[in-house]
Amino acid sequence: MDNHTRPVKIAALGMEQRTYSTLQLFFHEHCKDSYVLVEENSADISIIDMDGFQAHRMLEEHKKHYPNQPSILISLSHDKAYDAVYIRKPIMLEALSSALLKAKERLQQPVAKVPAPEVPTVGIAPQLQIVASNPETVTPLLLNNVVHNPHKIARQEKPASKHFNQYRYSANFLTEDADLEHINTKLAENFNPDNPIQIAKFQYQPEQTLQGYFQQAYFTALQKQQNVLLKGVWRPITILHESKQLRVEKNFRHLYALSGMLFDKSNVSITVLDNNVDCEPGLHETVLPAEPFLWKLAMRTSRGRVPANTNFTAPIKLIRWPNFTRTIITPHALRIAALWARQPTSLMDTASYLAVPLQHVFMFYTAAVSLNFVAPVITEENHSTTALPPVKRHRYRKIFQNLLERLRNN
Amino acid sequence: MTNYKIIFTGPVGAGKTTAISSICDRPPVSTDKIASDMTRAVKKTTTVACDYGTVRLNGGDCLHLYGTPGQERFDFMWDILVSGGIGLVLLLDNTRPNPFQDMDFFLDQFQDFINQTQIAIGVTQMDRKSAPCIDDYHNHLSKQGLTIPIFDVDARKRQDVSLLIKALLFSLDPGLIENND
């Protein structure tokens with residue numbers, strides 16, 4: 001291949017639209033168009049996100065169809081099971097550049113030719129985590145150049161196959177008001193709360209994420225009854241204690257894309273402001289209600305996991321109902337809230353009693369606990385799982401069921 | 001055919017008639033009269049007997065939605081209205097001088113019925129007056145040891161009213177299955 005005559009063609013697989021566009025901009029601005037994103041069947045190199053739900057299946061398919069195509073695999077894990085160039089998340093610019101060079105070297109090595117099939121395969125897109133110890137290093141790549149309307153861009157592209165449609169749908173759900181029901185709930189089907197490996201898989205540390213810092217700033221504002229300024233995670237965010245709102249730049253939706261990033265606490269500051277400081281929104285700013293913002297942020301950050309140190313067997317009680325008319329209703333949220341209001345129930349028992357996927361319970365719990373709407377009831381007895389006395393079936397259940405169906409149809 | 005009923009209550013102007021209209025099959029039968037007293041300052045007509053609407057269900061069953069008159073002097077109707085009811089929807093007007101006092105009044109008046117069934121609370125007019133906020137309502141209720149679904153509601157929106165009813169139904173029986181999950 002002659003690098004001077006044509007750019008290296010890259011297929012980005014299993015990635016959501018925002019990540020795809022970020023790569024596109026990276027190739028254009030940082031690599032001076034020496035790489036270009038193309039469809040899988042015309043690519044020289046593929047970059048695959050291995051943290052997606054069907055990533056391994058997608059990779060197997062890809063290898064079957066394009067055995068000689070060098071691959072760059074990006075993942076949170078250290079696992080290196082495939083013959084490929086690996087980048088561990090968080091993705092740093094240097095690591096990505098270096099991996100591209102390595103893949104190019106592989107491309108130039110002679111290989112046996114295997115005919116490629118006609119129909120390419122693209123899997124479900126997971127959310128790519130681009131994490132930086134110093135947020136400044138990712139700002140030019142992630143924040144200034146993100147897609148403003150992923151739906152619009154998706155419509156402009158021609159789908160290459162039915163799989164591509166699936167990918168576009170997935171991209172939409174991850175970048176706009178997410179229908180998080182599509183989180184792969186099968187992952188937690190055989191979850192065992194006594195297995196430390198499984199526990200680690202379904203827990204995350206919110207402290208150094210945007211969620212953690214925002215949460216800290218929000219509750220500081222409420223506790224001190226003063227406005228608070230949060231800096232270092234994006235543009236400055238002011239939390240207005242009295243109205244329980246936040247003042248932020250109008251393009252605040254970019255913040256949700258940062259939910260998976262870790263921020264070094266040395267770069268983040270939370271400053272309590274004098275109440276006389278003018279907090280009127282500027283021309284390019286807007287004011288949002290803080291609770292739905294944090295609720296959504298926690299949902300995005302957790303992706304079906306719970307904060308570290310969550311007790312899976314302690315009964316959870318509902319302290320207050322979320323304002324469901326103004327927040328995203330996670331799957332089964334009303335049922336879970338009603339159960340916990342009536343009878344504190346552990347995460348495991350809730351899933352079992354309501355016959356709902358455990359990850360839906362996790363999702364609701366994580367969002368609710370971020371706002372202190374729920375809390376575990378810790379007693380000496382409930383350190384182990386106890387038998388749950390069933391909530392009595394209402395004598396009018398059938399009619400209620402009918403009414404629910406009717407309301408749904410309306 | 002079996003008949004069931006949900007009661008909508010709350011102070012005058014809270015949106016009971018509107019809420020019932022937003023979800024029932026046909027425009028509800030309303031016994032609104034031209035207000036001739038202090039109520040007139042809030043709205044031109046007020047309900048003196050009750051609002052009534054129906055929702056037809058599969059299998060021939062029928063859900064009746066009753067709205068209580070907003071004026072306290074008609075409270076003799078309430079016992080009759082709640083008899084045989086499956087739950088209570090309380091609507092509060094956030095622009096009134098003391099919505100907590102309203103809430104306490106209605107919780108007290110319907111205490112027996114609530115103890116036997118469940119309640120969901122919708123706060124209306126929050127777009128016109130944002131304080132007290134939903135959190136303040138919860139804080140007020142928590143002092144009484146109550147955990148009740150309270151939502152910011154636009155009574156004109158079917159979706160908001162529908163959500164209130166869903167919260168009421170799940171509070172009555174969390175084991176219900178939501179088919180759209």
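**A sheet in chain A, and a look at chain B**

Hi everyone, let's start with one pair: A:V228 stands opposite A:V272 in β10(A). This is a predicted model, where local features need pLDDT of at least 70, side-chain atom pairs count only at pLDDT 80 or more, and totals for chains, interfaces and linings use all residues. Residues are numbered from 1 along each chain as written, chains are lettered from A and ligands numbered from 1 in written order, and side-chain values use heavy atoms, without hydrogens or water.

Strand β7 of chain A, residues 228-231, pairs with β10(A) in the antiparallel sense over four bridges. Pairing here takes at least two DSSP bridges between two strands; helices (H or I, at least four residues) and strands (E, at least two) are DSSP runs, numbered from the N terminus.

Now the helices. In chain A, α8 (residues 210-224) lies across β7, β8, β9 and β10, at about 165° to β7(A). Helix α10 of chain A, residues 290-302, packs on the sheet, touching β9 and β11, and its direction makes about 80° with that of β11(A). Contact means heavy atoms within 4.5 Å; angles run from 0 to 180 degrees between N-to-C directions, with axes fitted to C-alpha atoms, for helices over the stretch in contact.

What is the strand order in the whole sheet? In chain A, five strands form an open antiparallel sheet, β10-β7-β8-β9-β11. Because β10 and β11 of chain A are at the edges with a single partner strand each, one side of each has no neighbour in the sheet.

Over to chain B, with six helices and eight strands. Of its 181 residues, 57% are buried, meaning under 20% relative accessible area (1.4 Å probe, protein chains only). Thanks, all!

Key. Buried < 20%, exposed > 50% of the residue type's maximum accessible area, 1.4 Å probe, protein only.
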